[in-house]
Each structure stands twice: as structure tokens, then as C-alpha cells.
Amino acid sequence: MKKGKGDRIYIFDTTLRDGEQSPGASMNPDEKMRIARQLEAMGVDIIEAGFPVASEGDFASVRQIAREIRGAQIAGLARANIEDIDRAWEAIADAANPRIHTFISTSDIHLKYQLRKTREEVMEDARKAVAHACKYTKNVEFSAMDATRTDRDYLCRMVEAAIEEGATTVNIPDTVGYTIPEEYGRLIAYLFEKVKNIHQAIISVHCHNDLGLAVANSLAAVLNGARQVECTINGIGERAGNTAMEEIVMAIETRRDLFGVHTGIKTEKIYQTSKLLTQITGIPVQPNKAIVGANAFAHESGIHQDGLIKEKSTYEIMRPESVGISETQIVLGKHSGRHAVSEHLKKMGYKHSQEDLNKVFVRFKELADIKKEIFDEDLEAILYEEVFRVKDKFKLVYLTVVSGNVAIPTATMQLQVDQEIIQDAGFGVGPVDATFAAIRKITKTDYPLVRFAVDAITKGADAQGEATVQLRYNGYSVVGRGSHNDILVASAMAYINALNRLEWLKGNIRKVRLVD
Ligand code: KIV
Ligand code: ZN
């Protein structure tokens, strides 16, 4: 392993910034804080907390994360202009180790059609931006946006200029997911060959997954000297997403023989982090997704099973435990007390206050009355509903649904809207349609429904149902989730959760986009 600085790969997580640009992935400040704590606990080196100039909401949550997280560097994104950089610094200044991440497009396509500037003008903007950021901190990252479609020699000059002005990390993004591993590896090698001051900075990579190559491209870059990888949990992000953290980390770990480098990630926290993000955003992970998909460690073939019984390494390249997956266990039941629930939550990695425990315990008892066995997943769903959930404008009080092959499906419902209780009924072609109609009537809303799905959280006919509802508003989309042993109640809760998230979003619409 040559070129880069040492054998340590820095993990820069952008779940809260690029990841949040996924359709439907917007998170409120409490949810972002929760993710940031989890990223800190898993040993992420740099957390990109958001884009402070984008909205008051972004600014506030970046500032909160900067003030509360002490175990990771906190980065704030800024375009290459004074106002963005000042605002980013204002948000992150209180962090234990703040980083300003400033960027500008460098490809001719972006220069001509978007920025309408010459190469020299953009070079000057980049220099000024880095120099300005360096007045606040030595920890400055510069990104040459659309680097993989940028003229190579101009890119070399740009990287050199950014380092000259004081950037300590320089990022070479594949913004549109266009490159392939061999080409990207060669680009990184070329930079190491041609940029004379390159060893004064860490070279970072940021790959999008439009061709399904984000992880492979990042690995090729690592082989050629890159020492920071930008990634997101579950690979969420703009369009097809970003490099998935769990995949890049486990590839480096599993093939240490080949890469000869390591990260500081506590891999046993990977699965829990993935689940937390899914709970918060409602964006599911496909079953065959590497590392964290439901089937990632499931062996169906008889030959494979036979091999595994004889010797695990016959068909297993990673142990499920190494990413925090253990056999699903029946953990608790009707007779389990508050102490047992508390201990179990701690074992699952959730620190909780007494107040949180009280809320979880009430729901746990209700569920244990109707469901014999309570699994980890059930507890997680309760925890999310009762503790991590966005503060609600709308709350379900009561729901009765009449349905069948001779009845007109009818849902009678009471909702608490702010402090008022409102009751009404809705009809539909089926019980879910009737339930949603009742909600729309009471809340006087009618947002297009983009997606509705119900899954069983655990096995068995008495499993809790977990419903997901995605609504669209003004070019944005929000996802709501609800879990209950009655799937109609779960569906109503998911719809209401989406409405509550939408209420929050309306007050926090972004003023600027990355490319303005
Ligand atoms: O994809 C990209 O180029 C980005 C930059 C802001 C780093 O997200
Ligand atoms: Zn990106």
C-alpha cells in the first residue's frame, strides 16, 4: 500500500447530508441527533451533519449535533462562497473538532451550463473559498464537484491550488456515478503522480451509485492511495445513492489481506445502525442487500447448509455477529418486568432515560397481553414509536373499521388535532382505503399517496404489522411508519406519521439547493 498517508482509512459519513437528499429521507432534528449519536458510537471519523445555509432547520440541527457530539469531527457543507462558509462555520464552531467542507463544480459541462464561468474564474472562487474557510479552522475539505468528468490537468491544478490555500482534505467526487473502478483508480493514481503538494492532504472519494459501482469505485481509489471514503448508511443518497458504509467497511475488513488498510468502525454496530435508519426514514433495505439485507446471511441451498454445519468457513466469508446480527431471540413475555425490559434495551445498545423506559413499558405490556413472544424487533418498533418519533400535530385516538364481502368498507375514527378531538367516518373500496379517507377528511388534507406497504415485523400470525406510507408534497416526499398488531391501526398510524412529518417539513423547506 503506497501513496496515501499510512494504512488508516477515515470514514466520512454523509447520511445526514447527501443521504438526506434521498426522496422521502428528510429527518427532523431529533432524528438527526439520534443518527449522529449512533454514528459516533460506531466510530465514524467525520459526520457531515448537514448544509447549514440551506434552511433554518438544517442550520439548527447541524449546530445541535456540533454542540453535543464530542467523539467525531463534525463537518458542515458550504458552496464556495463567503456567505455559505460563514454560515457553515457559525453552525459548527462549537464542535470539538469542526470541519468546513466547501465545494465547487469543476467539469466543463457544469461550468458552461450551470455556473456560466470560465475555468480561471472557478479556480479563483475555489482559492478564495478555501482561504476564507482556513481563517476559521485548519480542518478544511475541498471538493471538486463532478471531478470524474473534469479535464484531468485542470483537476490537477485545482487540487494543487486547494492544497496551496490550506485544504487538508481534497475530495474527488464521482458526482453523477459515471466512472468505473479501473478508470477511477487510474485518476487517483494520476493525481498522486502529478500534483506536487498532494502529500500535504488526505485524498478523499465520494461516489454515487448510478451504475451500481459506488463501492467498487471507492475500493479502487483506496488501492490507489485515497485515505478518506465518503459514504452513507444503507447507501442512501441523491438518486441511486452513495457508497454504502457497511459494504465498504466490511470489504476493507474482510479483504485486509488485499487492501492492507483498516477503518476505526466498530463493525458490530452496523446492523443496529442500518435498522435505526430504516426505522427513521421508512426507506426499506432490499432483502438481498449485502451485509444488512434480510437474506445476507441466509443459506437456502442444501449443499451450502451441509457445508456450514461441517465448517462455517466453507460458505461464510464474514460472521453475522461481526456486523451485529444475532439469531432472532424470544426475549421477553407477559411476565417480564420493567427491569428486564430495561436490561434488554441496554443489551440491544439503546441507552434510555427513566421517562423513555416508562413509555416503552406501557406499550410493551399492551403488546405482551396479545402476543406471547416479544422479539428484539418488536421492542425496537415500540422504542421508535414511543421515544424517537417526531412530535405530533395529529394523533390517533380511536379507529373502528367495518369490512367484508357484503359491507361497504367504513372507517370511523377519532383524531386529536393539536388539542381538539375530531371524529368522522370514511368509505373506500377496502378497509385501508376507508381508513385513509377518514384521515383525509378529519385532517382536511389530500396529498398524493406514492407508496403504501405492510410487512410483518417478526414471524408468526400474531406478528406486529409494520406499515409504510409515502406522501408527496410540492416536489418533496415524506415517509411515515406505524407498527401495531392490527395492520389497519398500523396503516392509520403510518399515514398519520407521514402527515406529522409533512407538517414539520413545510416549516423547514430548503431555501437553496446544492447547485443554485
Ligand atoms: O456528489 C457530490 O459531488 C457531492 C459534493 C457536495 C461533495 O455531494
Ligand atoms: Zn454527493
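Is cysteine 207 buried or exposed? Cysteine 207 is buried, and its relative accessible area is 0%. Good morning, everyone. Before going on, please keep in mind that this is a predicted model.

Let me stay with the cysteines for a moment. How many disulfides does a search of the whole structure find? The answer is zero. For cysteine 207, the nearest cysteine sulfur belongs to cysteine 231 and is 10 Å away, and cysteine 207 is in no disulfide. A disulfide here needs two cysteine sulfur atoms within 2.5 Å. Cysteine 134, for its part, has a relative accessibility of 23% and counts as partly exposed.

Now to the zinc ion, which is ligand 2. Which residues coordinate the zinc ion? They are Asp18 through OD, His206 through NE2 and His208 through NE2, at 2.0 to 2.1 Å. If you read along the chain, the donors follow the spacing D-x187-H-x1-H. Aspartate 18 sits in the loop between strand S1 (10–13) and helix H1 (29–41), while histidine 206 belongs to strand S7 (residues 202–207), so this pair ties together parts that are 188 residues apart in sequence. Aspartate 18 and histidine 206 are both buried.

Those residues come up again with ligand 1. Where in the fold do they come from?

Threonine 175 has a polar side-chain atom 2.6 Å from an oxygen atom of ligand 1. In the side chain of aspartate 18, an N or O atom is 3.0 Å from an oxygen atom of ligand 1. Histidine 206 places a polar side-chain atom 3.1 Å from an oxygen atom of ligand 1. How much of ligand 1 does the protein cover? On its own, ligand 1 has 260 Å² of accessible area, and the protein covers 98% of that.

Arginine 116 has a phi near 50°, which is a positive value in a residue other than glycine. You will find arginine 116 in the loop between helix H4 (108–115) and helix H5 (119–136). With a relative accessibility of 66%, arginine 116 counts as exposed.

Is isoleucine 291 buried or exposed? At 8% relative accessibility, isoleucine 291 counts as buried, because the cut-off for buried is under 20%.

One last stop is glycine 324, in the loop between H12 and strand S9 (330–332). Glycine 324 counts as partly exposed, at 31% relative accessibility. What is the distance in space between glycine 324 and threonine 267? From C-alpha to C-alpha they are 7.2 Å apart, yet in sequence they are 57 residues apart.

Methods:
Residues are numbered from 1 along each chain as its sequence is written. Chains are lettered from A and ligands numbered from 1 in the order in which they are written. This is a predicted model: local features need pLDDT of at least 70, side-chain atom pairs count only at pLDDT 80 or more; totals for chains, interfaces and linings use all residues. Side-chain values use heavy atoms; hydrogens and water are left out. A polar contact is a pair of N or O atoms within 3.5 Å; within protein, one must be able to donate a hydrogen and the other to accept it, and residues adjacent in sequence count only if both atoms are side-chain atoms. Accessible areas come from the Shrake-Rupley method with a 1.4 Å probe; for residues, only the protein chains shown count as cover. Donors are N, O and S atoms within 2.8 Å of the metal (3.2 Å for Na, K and Ca); water is not among the atoms, so sites may look incomplete. Helices (H or I, at least four residues) and strands (E, at least two) are DSSP runs, numbered from the N terminus. Buried means under 20% relative accessible area, exposed over 50%, partly exposed in between (1.4 Å probe, protein chains only).
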